[in-house]
Amino acid sequence: MSEITLRNVCKSYDKEHYAVKDFNLEIHDNEFVIFVGPSGCGKSTTLRMIAGLEEITSGELWIDKQLCNYVEPKDRDLSMVFQNYALYPQMTVYDNMAFALQIRKVPKNEIDQKVHEAAAILGIESLLKRRPGQLSGGQKQRVAIGSAIMRKPKAFLMDEPLSNLDAKLRAQMRVELADLHKRLGTTIIYVTHDQTEAMTLGTRIVVMKDGFIRQADAPRTIYEDPADLFVAGFIGSPSMNFMEGTIRKNGSGVDFVLASGQKLEVPQTKAALLAGQYADKKVILGIRPEHFSEEVKKEHANLNPSRCRLTGKVVVKEMLGSESIFYLKEQRAGEYAARLTVDTKGAPGDEMTLYVDMNRVHFFDADTEKNIFYHGGQQ
Ligand SMILES: Nc1ncnc2c1ncn2[C@@H]1O[C@H](COP(=O)(O)OP(=O)(O)OP(=O)(O)O)[C@@H](O)[C@H]1O
């Protein structure tokens with residue numbers, strides 16, 4: 001069992017600015033927690049505070065039932081993998097991997113067995129006699145991970161471990177890391193700014209901005225039920241489209257009306273709240289690119305299709321092989337992206353009317369930028 005808890009953790013390097021502010025998180029045994037967010041949001045600082053490489057300005061860090069703010073890094077029983085591999089260049093791969101156990105005076109035959117086991121898991125048995133200088137980036141990365149998994153620490157802390165690899169190797173290592181997590185059954189805390197890594201590896205994603213946690217939830221919840229405009233725009237590629245408009249009552253129904261006058265019908269499940277609290281007020285509509293379609297889908301059955309259409313002018317069409325991304329421009333609401341089938345016709349300059357799956361769109365408060373219908377992770 002290993003639980004890592006951060007309570008009101010803050011980090012200030014210069015007494016004026018906070019790199020991390022009021023960070024609260026309980027990490028449970030065997031979780032794969034991802035810290036994600038734009039550059040400078042405090043991901044690495046948080047990880048380094050957990051590792052003990054950075055002092056905590058205020059707040060508490062608990063590892064299992066022990067308050068660890070002032071526990072030496074070596075006594076925290078955590079294993080760290082860095083972006084730059086941190087291998088000893090003069091030592092062979094075998095010795096690099098064996099090192100952590102040698103300094104703990106583990107018997108030689110036990111070390112030998114563990115090195116070979118870890119090397120087998122990572123497919124680097126043939127490299128054990130080489131030195132780091134004779135390895136490719138991906139091989140070095142595996143050795144670094146191999147060195148980390150020699151022990152079974154309370155948790156692995158990984159800071160952008162795949163960022164130096166090319167796209168193909170990254171994809172391969174992502175699969176291997178997910179597999180490793182299953183096999184080792186250990187907690188992993190992982191920093192990245194790559195949302196594909198976050199979505200595919202994490203059992204929970206912590207989205208950070210300016211030192212604060214904006215949302216901590218399962219990947220699917222983050223995608224389908226983002227807490228606010230920032231999270232909604234940060235996760236997903238192409239990003240969610242945002243359009244400002246006004247909520248207007250329309251007979252027994254409710255419409256979202258753009259400045260151009262184009263209207264989209266609000267589904268009944270959301271109409272009452274919007275009509276009650278936002279009638280004639282501005283809100284921001286969020287539509288994921290995949291929630292546009294050329295045809296009316298059966299999911300639209302509860303809505304009048306003629307009132308779920310948006311017209312724009314094609315600006316750019318990107319053919320990606322399995323799909324096409326259309327970038328369109330609405331008269332007043334600006335550009336938006338639609339993910340459509342490869343066969344979709346349309347060229348720059350053409351007018352295009354697409355159906356919007358209004359059951360899947362999001363509404364954000366224009367002032368607070370909060371998702372008006374956020375379930376708080378309880379769907
Ligand atoms: N040693 C330091 N001294 C002063 N400020 C620092 C120090 N290390 C980090 N910072 C600042 O703290 C903030 C958070 O930095 P941190 O490295 O944690 O961000 P990050 O989210 O990991 O960014 P990136 O993705 O670019 O690595 C930044 O504003 C950074 O400039």
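## A buried loop residue

Gln-262 sits in the loop that joins β12 (253-258) to β13 (263-265). The model is a predicted one. Is Gln-262 buried or exposed? Gln-262 has 20 other C-beta atoms within 10 Å, and the threshold for a buried residue is 20 or more, so Gln-262 counts as buried.

When neighbours within four places in sequence are set aside, the contacts of Gln-262 are with Leu-310 and Thr-311.

## Overall dimensions and composition

The protein has 379 residues, of which 37% are buried. Along the principal axes, its C-alpha atoms fill a box of roughly 80 × 45 × 35 Å. The secondary structure comprises 9 helices and 20 strands.

Among contacts with a sequence separation of 6 or more, 66% are between residues 24 or more positions apart.

Helix α1 is itself mostly covered, with 7 of its 9 residues buried. The buried residues are Lys-43, Ser-44, Thr-45, Thr-46, Leu-47, Met-49 and Ile-50. Just after α1 comes Gly-52, with a positive phi of about 95 degrees.

## Packing of helix α4

Two packed helices are described by the angle between their axes and the distance between the axes. Helix α4 (residues 137-148) can be described in this way against helix α3 (residues 108-122): the two axes come within 10 Å and cross at roughly 140 degrees. Angles over 145 degrees count as roughly antiparallel, and α3 and α4 are therefore oblique to each other. Their crossing is right-handed. On the α3 side, Ala-118, Ala-119 and Leu-122 take part, meeting Arg-142, Ile-145 and Gly-146 of α4. By class, the residues of this contact are 4 nonpolar, 1 polar and 1 charged.

Helix α4 also packs against helix α2 (residues 93-102), where the axes come within 8 Å and cross at roughly 30 degrees. Angles under 35 degrees count as roughly parallel, so α2 is roughly parallel to α4. The crossing of α2 and α4 is right-handed. From α2, the contact involves Val-93, Asn-96, Met-97, Phe-99 and Ala-100, and from α4 it involves Val-143, Gly-146 and Ser-147. The residues of this contact divide into 5 nonpolar, 3 polar and no charged. Gly-146 is listed in the contact of α4 with α3 and in that with α2.

Most residues other than glycine have a negative phi, and most peptide bonds are trans. What is the state of the peptide bond from Ser-237 to Pro-238? That bond is cis, with omega near -10 degrees. Pro-238 lies in the loop between α8 (229-234) and β11 (241-250).

Asp-77 has a positive phi, near 60 degrees. Asp-77 belongs to the loop between β5 (66-67) and β6 (78-81), and counts as partly exposed because it has 16 C-beta neighbours inside 10 Å. Glu-369 also has a positive phi, near 65 degrees. Glu-369 is placed in the segment after β20 (362-365), and with 16 other C-beta atoms within 10 Å it is partly exposed.

Terms used
Residues numbered from 1 in each chain as written. Predicted model: local features only at pLDDT ≥ 70, side-chain atom pairs only at ≥ 80, totals over all residues. Axes fitted to C-alpha atoms, helices over the stretch in contact; angles between N-to-C directions. Helix = DSSP H or I, 4+ residues; strand = E, 2+ residues; numbered from the N terminus. Parallel < 35°, antiparallel > 145°, perpendicular 65-115°, else oblique. Left-handed = near helix turned anticlockwise from the far one by under 90°. Contact = placed C-beta atoms within 7 Å. Nonpolar A, V, L, I, M, F, W, Y, C, P; charged D, E, K, R; others polar. Buried ≥ 20, exposed ≤ 12 C-beta atoms within 10 Å, placed from the backbone.
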